[in-house]
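Colleague: I have the model open next to the sequence. Could you walk me through it?

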Amino acid sequence: MNKMGILTLCAFITAGSVLYAQEKRSKSELRQESTEKVQRLVNAQEYKFVAQYALPMTGRSINLTSNYDMIVTKDSVMAYLPYFGRAYVAPANPSEGGIKFKSADFVYTLKEAKKGGWSAHIALKEANHHYEITLNITTTGSANISVSDNTRQPISFNGYITD
């Protein structure tokens with residue numbers, strides 16, 4: 001009976017080791033697939049930044065509970081993001097608050113970051129605003145954008161990239 005118990009214990013240990021090795025491999029495979037997907041999106045210049053946190057120049061970070069995003073394509077850049085901070089020029093129409101634009105007239109520059117990932121710079125001129133946007137994208141898809149404008153304090157957002 002003692003030998004049977006030892007054999008059963010060895011069988012469980014072996015099975016557990018095999019399952020653990022398979023789980024480790026599948027996590028690394030999933031990470032690799034995620035990295036390849038993000039790389040495809042960034043290189044194709046077809047992605048959407050989804051904002052989760054706003055980081056104004058003054059005050060605390062703000063958890064965003066609504067859907068705020070910025071869509072980047074080869075033809076256009078479209079943003080619907082909130083704004084928290086000091087505006088040097090107030091909009092005449094209160095519904096024009098926030099960072100809202102759709103533009104086909106922009107300059108897009110993409111560089112690889114030193115430690116992996118990418119840094120994209122977007123410069124565009126809207127009717128009353130000159131936006132400078134910098135996106136820092138990691139290989140896992142998390143991203144940070146910084147938006148400067150000629151009429152307000154800069155603001156940053158943390159979030160992720162998706163298709």
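Colleague: How many residues has the largest nonpolar core, and which have the most contacts inside it?
Modeller: The largest nonpolar core has 33 residues, and M70, I122 and F157 are those with the most contacts inside it. Such a core is a set of buried Ala, Val, Leu, Ile, Met, Phe, Trp, Tyr and Cys residues joined through side-chain atoms within 4.5 Å, where buried means under 20% relative accessible area with a 1.4 Å probe, protein chains only. Bear in mind that this is a predicted model, in which local features need pLDDT of at least 70 and side-chain atom pairs count only at pLDDT 80 or more, while totals for chains, interfaces and linings use all residues. Residues are numbered from 1 along each chain as its sequence is written, and side-chain values use heavy atoms, with hydrogens and water left out.

Colleague: What is F157 in contact with?
Modeller: Leaving aside neighbours within four places in sequence, the contacts of F157 (heavy atoms within 4.5 Å) include F49, Y53, L64, L81, I99 and V147.

Colleague: And Q153, buried or exposed?
Modeller: Q153, which is found in strand β9 (residues 152-162), is buried because its relative accessible area is 18%, and beyond four places in sequence its contacts include M57, Y83 and R86.

Colleague: Which residue is the bridge partner of M78 in β4?
Modeller: That is K102, and β3 (residues 77-81) pairs with β4 over 5 bridges in the antiparallel sense.

Note on methods:
Buried means under 20% relative accessible area, exposed over 50%, partly exposed in between (1.4 Å probe, protein chains only). Two strands pair if DSSP finds at least two bridges between them. Helices (H or I, at least four residues) and strands (E, at least two) are DSSP runs, numbered from the N terminus.
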